Amino acid sequence: MKRIEPYIYEVVPHEVVSFLILPDGTPGFVTAAENGHAIANSDGLDHPTYSFPIVEDPGNSHFAILEFTFTPDDDATAKFGITVHSSNGESFPERPVRKDDPSTERQFEFKVK
């Protein structure tokens with residue numbers, strides 16, 4: 001995996017992409033989808049993790065979306081850290097999602113090389 005720019009990556013077939021989420025000051029309320037299909041959380045609310053394999057052919061892309069929910073009781077400094085991880089060993093932190101962000105949704109593109 002190679003980061004081209006924030007939220008856009010270059011990947012290879014059969015690589016597994018994972019989103020590692022670190023809630024800070026908020027419960028781990030996150031939903032994820034890849035190419036329109038829900039991705040199950042494999043690691044509970046303390047450290048939500050969402051993974052999917054790259055199955056598209058070179059020249060195509062996978063699209064993923066993460067949606068974060070804050071509760072009214074969360075402190076104004078509450079946030080979700082996001083790290084994009086590859087089964088090939090690479091990890092890339094992305095900008096945290098903060099309670100006061102205008103959008104609590106993040107969209108990603110994974111271009112298959």
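Select Tyr 7, Tyr 9, Phe 19, Phe 52, Phe 92, Phe 108 and Phe 110: together they form one aromatic cluster. Rings of Phe, Tyr and Trp (its six-membered ring) count as a pair if their centres lie within 6.5 Å; planes under 30 degrees apart are stacked, those over 60 are edge-to-face, and the rest are tilted. The structure holds 10 aromatic pairs.

A word on what you are viewing: this is a predicted model, in which local features need pLDDT of at least 70 and side-chain atom pairs count only at pLDDT 80 or more, while totals for chains, interfaces and linings use all residues. Residues are numbered from 1 along each chain as its sequence is written, and side-chain values use heavy atoms, with hydrogens and water left out.

**First stop: two ring pairs**

Keep Phe 19 and Phe 110 on screen. Their ring centres are 6.0 Å apart and their planes stand at 65 degrees, so this pair is edge-to-face. Phe 19 lies in strand 3 and Phe 110 in strand 10, 91 residues apart, so to speak a link between distant parts of the chain. Strands here are DSSP runs (E, at least two residues), numbered from the N terminus.

With Phe 110 it forms another edge-to-face pair, at 5.6 Å centre to centre and 75 degrees between the planes. This pair also links distant parts of the chain, from strand 6 to strand 10, 58 residues apart.

**Second stop: around Phe 110**

Is Phe 110 buried or exposed? It is buried, with a relative accessible area of 0%, and Phe 52 is buried at 3%. Buried means under 20% relative accessible area, exposed over 50%, and partly exposed in between (1.4 Å probe, protein chains only). Beyond its neighbours within four places in sequence, Phe 110 is in contact with residues including Met 1, Val 17, Ile 54, His 62 and Val 84. Contact means heavy atoms within 4.5 Å.

Next, pick Phe 19, Ile 21, Phe 108 and Phe 110, which touch the most other members of the largest nonpolar core, a set of 26 residues. Such a core joins buried Ala, Val, Leu, Ile, Met, Phe, Trp, Tyr and Cys residues through side-chain atoms within 4.5 Å. Among the elements giving it two or more residues are strand 3 (16-24) and strand 10 (105-112).

**Last stop: Ser 18**

Finally, select Ser 18 in strand 3. Ser 18 is buried, with a relative accessible area of 10%.

Technical notes:
Helices (H or I, at least four residues) and strands (E, at least two) are DSSP runs, numbered from the N terminus.
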